[in-house]
Amino acid sequence: MSLRAKCAIAGLGQTRMGKNFDHPGPIGFAAEAVNLALDDAGLQRADLDGLLVNPGITWLNNPMASSSLQHAMGLGDLRLTATMNLGGGTAAAMIMHAAQAIDAGMAEVVACVFADAPLRAPSPNKGGDGGGSAAFYGFAQGLDAHYGLFGVNAHYAFVAQRHMYRYGTSNDHLGAVAVSERKWANLNPAAQFHDTPMSMADYHASRWVVEPFHLYDCCLVSNGGLAVIVTSAERAKNLKRPPVYILGMGQGHPGHNPLDTLVSGAPIAKETAFKMAGIKLTDVNFCELYDCYTFTVLVTLEDYGFCKKGEGGPFVASGAIGPGGSLPVNTGGGQLSSFYMWGMTPVGEAIVQIRGDGGRRQAPKHEVGLVSGNGGILATHSTLVLGSQP
Amino acid sequence: MPEFSKPIPAITPEMREFFDGARAGRLMVQKCDGCGKLRFPADDLCSKCNSTASRWVPVSGRGEIFSFNIMHQVYHPAFAGQVPYAVVVVELEEGCKFVSNLLGVKPHDIKCGMQVEVTFEKLSDEVSMPKFRLRAAK
Ligand SMILES: [Zn+2]
């Protein structure tokens, strides 16, 4: 039996995002996000019977993170819990897991949450690094450390460089994604870069992190938490906000060598999700795509088939994905210009858009939204098709 | 200013033959006994046939630049005076990929497809590290 529109997202909770240091760590952010999501739905803590948690990098070493959060929040008598990690593919995957459990009668109201606090306050003694996160994301060992290969940025840079060689993709193309997302962020008061416009010249002038990536090719690592409440479509209809129906769900994990893949798991995940939703690509009104880097957006657009493989560069440079374009993409400013909460950033903005809460950044048509998550080096992928109507 | 040297990899039991080979000027990779697939670094099993039996074999050390990046951020003090420096992915003639550094070419002159060959940089009596240099055209 298809799960199309059997479940809905009934609540969205988002803490302050960015360089906020006055908070008791990732569990504190997670609890705040879940409580905000319950408020949004018009539900109480006692209504929750499921809790799925994607711990960010600062509590990744907690093997029972969901249990820790349950105890911290004083949640009793849960029927479903799990700590999940598919990297940036987790957020959408948690929602899938919740929907399956609800449809199976194993739970009724499930909170799915991501939270992290990798930024530290600048230290007056050390001069401070502005709260940089390199210590958490720069891990390397063995031979890699000798060769100077540190961090996730460097691995994605290999993939982007190969894409450039193979297909003629350029920094102007990557910059088109960065500039487009910034334009959206300038329309979103909650985005960290709301007040800072960016031109293509600004993009090129931003410092190199690891070529071919400038600073503005990389996501905005943030402290915060984001949670959603999933419940049955029937129950969601009687709650505070209009239901955001889960029309399609799918995952794709291609198992490629991270050193030589140019293709994400999107083609596999899309097949399952679009079949469930009963939609074609032309039915998609807007996209919220996982954007750990500008490059990821370009590859994801190719892999869903919005353009041919290798033509992501010209496609984004055409202006199609920006405000006023034919395919609004990452309408809140995305992880590049608003905040990075792994896969929860695209999920959260899709809910805002489907509800029509986007204000100046509202996509003109918002009945059907496509959400993607991506983890590892194009290693995991998850797809959600969300809709305003069942 | 204190001097820092680049991290020297530990010689782990599973990588011992790799380091033995490098010390003798040979680039070694793991070859699956089940199906012959080459892999690097060492792994417990073959991703193609799942055999856990393997041996180390020498490869030509010739290949081409498959991809590269240019690091600008300093993650370890030994690299403070090195940035920007390049890290390359070499596709060996035999088919497997090897992450390393390319000697004698400025980072911004590196291109995918460049023909390269292995050379060894001696770090200590025990450890020599495979690096690559341009291969003269025949
Ligand atoms: Zn094998």
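A: A residue is called buried here when its relative accessible area is under 20%. By that cut-off, buried residues make up 42% of the 138 residues in chain B. The model is a predicted one.

Start with the chain that holds the helix. Chain B has one helix and nine strands. The C-alpha atoms of chain B fill a box of roughly 50 × 35 × 25 Å along the principal axes. A compact globule of 138 residues would have a radius of gyration near 14 Å, and the 16 Å of chain B agrees with this. Among the contacts in chain B with a separation of 6 or more, 51% are between residues 24 or more positions apart. Chain B exposes about 7,300 Å², and carbon and sulfur atoms supply 48% of that area.

Now the helix. Helix α1 of chain B spans residues 16-23, and its buried residues are F18(B), F19(B), G21(B) and A22(B). Seen down the axis of α1(B), these buried residues fall within an arc of 160°, so they line one face of the helix.

What lies over them? The cover of the buried residues of α1(B) includes parts of both chains. From chain A there is α5 (142-147). From chain B there are the strands β1 (27-32), β3 (54-59), β6 (97-100), β8 (115-122) and β9 (128-134). Just after α1(B), G25(B) takes a positive phi of about 80°.

Two of the covering strands, β1(B) and β3(B), belong to one sheet. This open sheet has three strands in the order β2-β1-β3 (chain B), with antiparallel pairing. In it, β2 (38-39) and β3 of chain B stand at the edges with a single partner strand each, so one side of each is left without a neighbour in the sheet. Strands β1(B) and β2(B) are joined in the antiparallel sense by two bridges. Across this pair, K31(B) stands opposite L38(B) in β2(B). Strands of a sheet pair through backbone hydrogen bonds, either parallel or antiparallel.

The mean pLDDT of chain A is 94, and 95% of its residues reach 70 or more. Over residues 126-131 of chain A, however, the pLDDT is below 50, and this stretch has nine contacts in the model beyond near neighbours in sequence.

For a covered element of another kind, take a strand of chain A. In strand β11 (residues 380-387) of chain A, eight of its eight residues are buried. T380(A), S382(A), L384(A) and L386(A) point one way from β11(A), while H381(A), T383(A), V385(A) and G387(A) point the other way. In a regular strand the side chains alternate between the two faces of the sheet. Strand β8 (residues 244-252) of chain A runs antiparallel to β11(A) and is joined to it by seven bridges. Strand β10 (residues 368-375) of chain A also pairs with β11(A) in the antiparallel sense, over eight bridges.

Technical notes:
Residues are numbered from 1 along each chain as its sequence is written. Chains are lettered from A and ligands numbered from 1 in the order in which they are written. Side-chain values use heavy atoms; hydrogens and water are left out. Buried means under 20% relative accessible area, exposed over 50%, partly exposed in between (1.4 Å probe, protein chains only). Helices (H or I, at least four residues) and strands (E, at least two) are DSSP runs, numbered from the N terminus. The arc is that of the directions from the helix axis to the C-beta atoms. Contact means heavy atoms within 4.5 Å. pLDDT is the predictor's confidence in each residue, from 0 to 100. Two strands pair if DSSP finds at least two bridges between them. The radius of gyration is taken over C-alpha atoms; the globule rule is 2.2 Å times the number of residues to the power 0.38. Accessible areas come from the Shrake-Rupley method with a 1.4 Å probe; for residues, only the protein chains shown count as cover.
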